[in-house]
Amino acid sequence: MVNGSRTLVLIPAYNEEGAIGAVVWEVRETLPEVPVLVVDDGSSDATANVARAAGARVLSLPCHLGLGGCVQAGYRLAFELGYEEVVRIDGDGQHDPRYIPVLLEALRTFDCEMAIGVRRQSLAGVTTSPVRRMGILFFRLLLRLILGRPVSDPTSGFVAVKRRALEVFARSFPLEYPEIETLVVLQRRRFRFVEVPCPVRPRLAGRSTITPVRSIYYVVHVLLGVFVNVLRMDARRAARTGGSIR
C-alpha cells in the first residue's frame, strides 16, 4: 500500500509537451493519492502548462540545468517537504507508471536505499544506437569491478529512493548523466540497491537528446565522474584505517 503523505513521484522534464500530460495522467491513475511533481528544466515549449493541466505540481527552473541539476532540485524539494520515499520516472513515456508500486514494494521488502527499474529492451519500437549500447556495456563491466556485483541497467532513470538516499542526493548529485555516478555514490555510502525488471516502451513523443556523438561525450564525462567518486571512496577507507592514498 502506498501512503500519499510520505511518497512523491518526481518527473524531470525538458521540452516534453507531447508526452508529459499522458505520463502525469498515467501516474495519477495508478496512484491517485500520491502527489506528482514535474520539474520543468527551462523548457521552451508548453511542458509546464501541460503538466499542470494534467494535475501535476510544477517546479519551473529559471534556466536549463541539465538532467542532474533538474533531478537534484526535485530531490531537494522532496527532502525539505519531508517525504520518506521518492520515485523518479522520465517524462517521455518510456517507463510504465504501473510499475511504480512494484519499485516501492521492492524498496520496503529488501530494506534498501534504492530500487532500480531494469529495462527489458526486447519490445518492438524501442531502439538504442550501437555506440550507446557499447557505452552501457562498458559501464556494466566497470561497475561490476567497482561495486563487486553485476548491474543490469546502469543508465535507468526509473528509480525509487528512501529518505536516507534522498538526504544525500539533496546535498550532492551528479550534474549530467547522473545514473551511473549515483551507483558509485551509493557504494561509497554503503547504501544498498535492488534491481526490478520493468518493461520499456517507445517514447510517446520527441526524440532522445543522446545522439551517437553525445554518447561519446557521455562515456568520457561519466568515466571522469566515476573515477572521482572512486578516489573519494578510497579516501574514506584510508581515513577509517588511518592510512593514506598514494
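**View 1. Strands β4 and β6 pair in the antiparallel sense.** β4 spans residues 85-88 and β6 spans residues 159-162. They are joined by 4 bridges. Glu85 faces Lys162 of β6. The model is predicted: local features need pLDDT of at least 70, side-chain atom pairs count only at pLDDT 80 or more, and totals for chains, interfaces and linings use all residues. Residues are numbered from 1 along each chain as its sequence is written, and side-chain values use heavy atoms, with hydrogens and water left out. Strands (E, at least two residues) and helices (H or I, at least four) are DSSP runs numbered from the N terminus. Two strands count as paired if DSSP finds at least two bridges between them.

View 2. Met114 has Val161 of β6 as its bridge partner.

**View 3. The open sheet has 7 strands.** Their order is β3-β2-β1-β4-β6-β5-β7, with mixed pairing. β3 (57-60) and β7 (193-199) are the edge strands, each pairing on one side only. Neighbouring strands are turned by 20° against each other on average, direction ignored. Helix α6 (residues 163-171) packs on the sheet and touches β4, β5 (114-120) and β6. The direction of α6 makes about 95° with that of β6. Helix α7 (residues 178-188) packs on the sheet too, touching β4, β5 and β7. Its direction makes about 140° with that of β5. Contact means heavy atoms within 4.5 Å. Axes are lines fitted to C-alpha atoms, for helices over the stretch in contact; angles run from 0 to 180 degrees between N-to-C directions.

**View 4. The largest cavity holds about 110 Å³ of space.** A cavity is a set of points on a 1 Å grid over the protein atoms alone where a 1.4 Å probe fits but cannot get out; lining residues have an atom within 4 Å of a point. Of the 13 lining residues, Met114, Ser156, Val159, Glu179 and Thr182 are the closest to the centre. α7 gives the largest share, 3 residues.

Key
1 Å grid on protein atoms, 1.4 Å probe; cavity = no way out; pocket = protein on both sides within 12 Å on 5 of 7 lines; lining within 4 Å. Points joined across faces, edges and corners; volume = space filled by probe spheres on them.
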